[in-house]
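This briefing is intended to be read beside the sequence and the model.

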Amino acid sequence: MNATLNHSLGIPGSSATAFALGLILISALLLWLVLEMARSLIRIIGEARQQKLTLAILQTRLQETRQRCREAEMAASGWNGLRKFSVAEKIRQCDGVFSFYLKPHDGRDLPYFKPGQYLTFQLKIPGREKPLIRCYSLSDSPDHRDYYRVTIKKEKAPLDRPEFPPGAGSSYFTDKVKVGDILDVKAPSGHFFLDMTKNNPVVLLAGGVGITPILSMANAIAASGTKREAYLFFGVRNRQEHIHQEELAALAAAHENIHLHVAYSKPGPEDVKGRDYHYEGRVGVEWVKEILPSNNFEYYLCGSGPFMKSLTDGLEAWGVPEDRVHFEAFGPASVKKKAASPSPEQTTRLQKVTITFARSARTVRWEPSSENLLSFAESLGIKIDSGCRAGGCGSCGVAIKSGAVDYLKKPASAPDPGTCLTCICRPQNDLVLDA
Ligand SMILES: Cc1cc2nc3c(=O)[nH]c(=O)nc-3n(C[C@H](O)[C@H](O)[C@H](O)COP(=O)(O)OP(=O)(O)OC[C@H]3O[C@@H](n4cnc5c(N)ncnc54)[C@H](O)[C@@H]3O)c2cc1C
């Protein structure tokens with residue numbers, strides 16, 4: 001058949017063999033070339049991957065080192081007691097909510113803080129006998145070294161008691177404080193913060209004014225320049241209450257690793273789904289599950305009591321380990337770690353405990369259903385100073401003359417030896433307090 005083919009092609013027999021051999025040689029050469037190219041390509045891809053990996057490791061190390069330097073600097077340049085800050089700007093965010101840009105009056109550097117931490121203010125409000133102590137979370141990234149920002153919502157009277165005056169501290173800020181005013185401020189503190197030495201993906205959940213520490217975290221991720229994934233879920237009633245709406249939208253638009261999901265529980269007629277919000281309803285785990293690829297994240301929550309309760313319960317039911325859920329309460333702790341609730345044996349033991357308020361000359365049996373020593377004292381008409389009621393400001397510190405206490409949460413900074421922060425502790429045994 002070859003002969004027939006050669007004949008039909010007009011190629012003599014020996015030339016045909018040489019032609020076939022040539023073809024085989026060229027094919028082999030081509031195959032070798034292709035294989036060599038493939039091998040080189042694989043090597044190049046491998047090297048590029050290795051380089052990318054090395055670069056990622058170096059970037060993480062650099063980030064860690066930068067963060068440690070900042071923390072060392074924070075420890076060195078923080079301040080004790082009160083420092084004077086002047087109000088550089090006051091900006092209306094939405095109904096009853098204002099941002100305050102604060103600059104140190106002494107003109108010196110501001111220490112780095114951890115995103116999620118708060119400032120404690122000592123407010124000298126005209127007409128009040130004593131200064132009022134209130135905590136407000138820092139709402140911007142710690143990378144702005146020339147100002148601190150807080151965002152404050154005027155607290156209205158409770159719905160069932162409209163005759164009460166609105167919140168004293170928040171109304172003072174929103175109604176009275178103006179640009180140029182000087183405020184007394186304690187250094188940033190608090191244990192609710194995002195660890196910036198890590199690069200793990202996070203879920204940030206905020207309800208209402210609880211957006212403040214969460215926004216600081218999101219802004220810090222953006223400023224770090226890393227591609228750390230952050231899913232931010234934010235629930236408000238509608239656009240009237242959409243705090244930092246423009247800033248949040250711009251943040252998500254500029255950073256593909258920051259995924260913003262806004263829920264309106266009661267959208268107004270002018271509110272547009274897809275423009276102002278993405279979901280009608282409250283932020284709940286069912287909605288979160290629809291968006292997240294898995295539950296394998298670290299979670300940071302800040303919002304009202306019911307918001308935090310529903311989310312912590314939902315995350316637990318979804319199998320998220322307790323140590324991956326971090327939260328901040330803007331008042332008396334509404335969510336308690338399991339360990340904080342006394343066991344039945346502890347409750348029986350606590351029923352026999354007595355508390356002596358030495359200055360008030362009263363000894364009473366402890367009521368195990370009491371939230372903490374501060375509210376127990378208040379229920380008896382015994383006055384103890386208080387501020388944040390969340391273990392942050394130190395105002396409710398009382399000396400322990402004898403006995404010991406258990407903390408319901410870790411105090412923002414260790415109380416002085418021999419004293420306790422009454423807003424976040426319960427008695428461990430018979431107590432004598434200097435109150
Ligand atoms: C760590 C931390 C961070 C925080 N961060 C922020 C933040 O970033 N932004 C923010 O806006 N808030 C924040 N808060 C909350 C803030 O500290 C205050 O708790 C809040 O502003 C309310 O304080 P106030 O002085 O305005 O209200 P208060 O004067 O303490 O009043 C509270 C409520 O009691 C009502 N009331 C008034 N009189 C009575 C009465 N006789 N009996 C019963 N009730 C009465 C008031 O109407 C009001 O509803 C934070 C709190 C903490 C602990």
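The notes below begin with the basis of the model and then proceed by topic.

This is a predicted model, in which local features need pLDDT of at least 70 and side-chain atom pairs count only at pLDDT 80 or more, whereas totals for chains, interfaces and linings use all residues. Residues are numbered from 1 along each chain as its sequence is written, and side-chain values use heavy atoms, with hydrogens and water left out. Helices (H or I, at least four residues) and strands (E, at least two) are DSSP runs, numbered from the N terminus. Buried denotes under 20% relative accessible area, exposed over 50%, and partly exposed the range in between (1.4 Å probe, protein chains only).

**Salt bridges**

- The structure holds 21 salt bridges, each defined as a side-chain nitrogen of Lys or Arg within 4 Å of a carboxyl oxygen of Asp or Glu.
- Arg149 pairs with Glu247 in a salt bridge whose closest N and O atoms are 2.8 Å apart. Because Arg149 belongs to strand S5 (residues 148-153) and Glu247 to helix H5 (residues 245-254), the pair ties together parts that are 98 residues apart in sequence. Arg149 is buried, at 2% relative accessibility, while Glu247 is partly exposed at 24%.
- Salt bridges with shared partners also join Arg239, Asp271, Arg275 and Asp276 into one network.
- A salt bridge connects Asp106 and Arg83, with the closest N and O atoms 3.0 Å apart. This pair links distant parts of the chain, 23 residues apart: Asp106 is in the loop between strand S2 (97-104) and strand S3 (118-123), and Arg83 is in strand S1. Asp106 counts as partly exposed at 38% relative accessibility, and Arg83 as buried at 7%.
- Within helix H2, Arg43 and Glu47 are four residues apart and therefore separated by about one helical turn. They form a salt bridge with the closest N and O atoms 3.9 Å apart, and Glu47 is partly exposed, with a relative accessible area of 44%.

- Leu33 lies in helix H2 (residues 13-77) and is partly exposed at 39% relative accessibility.

**Burial and contacts**

- Ser86, in strand S1 (residues 82-94), is buried at 19% relative accessibility.
- Beyond its neighbours within four places in sequence, Ser86 is in contact (heavy atoms within 4.5 Å) with Tyr101, Leu102, Lys103, His105, Asp181 and Ile182.
- In helix H3 (residues 168-176), the buried residues are Gly169, Ser170, Ser171, Tyr172, Phe173 and Thr174. Their cover includes S1, S2, S3, strand S4 (132-137), S5 and S6.

**Second largest pocket**

- The second largest pocket contains about 610 Å³ of space. Among its 28 lining residues, Lys186, Ser189, Gly392, Ala412 and Ser413 are the closest to its centre.
- Elements giving two or more residues to this lining are H2, strand S6 (182-189) and strand S17 (419-421); S6 provides the largest share, four residues.
- On a 1 Å grid over the protein atoms alone, a pocket is an open set of points where a 1.4 Å probe fits, with protein on both sides within 12 Å along at least five of seven lines; lining residues have an atom within 4 Å of a point. Grid points are joined across faces, edges and corners, and a volume is the space filled by probe spheres set on the points.
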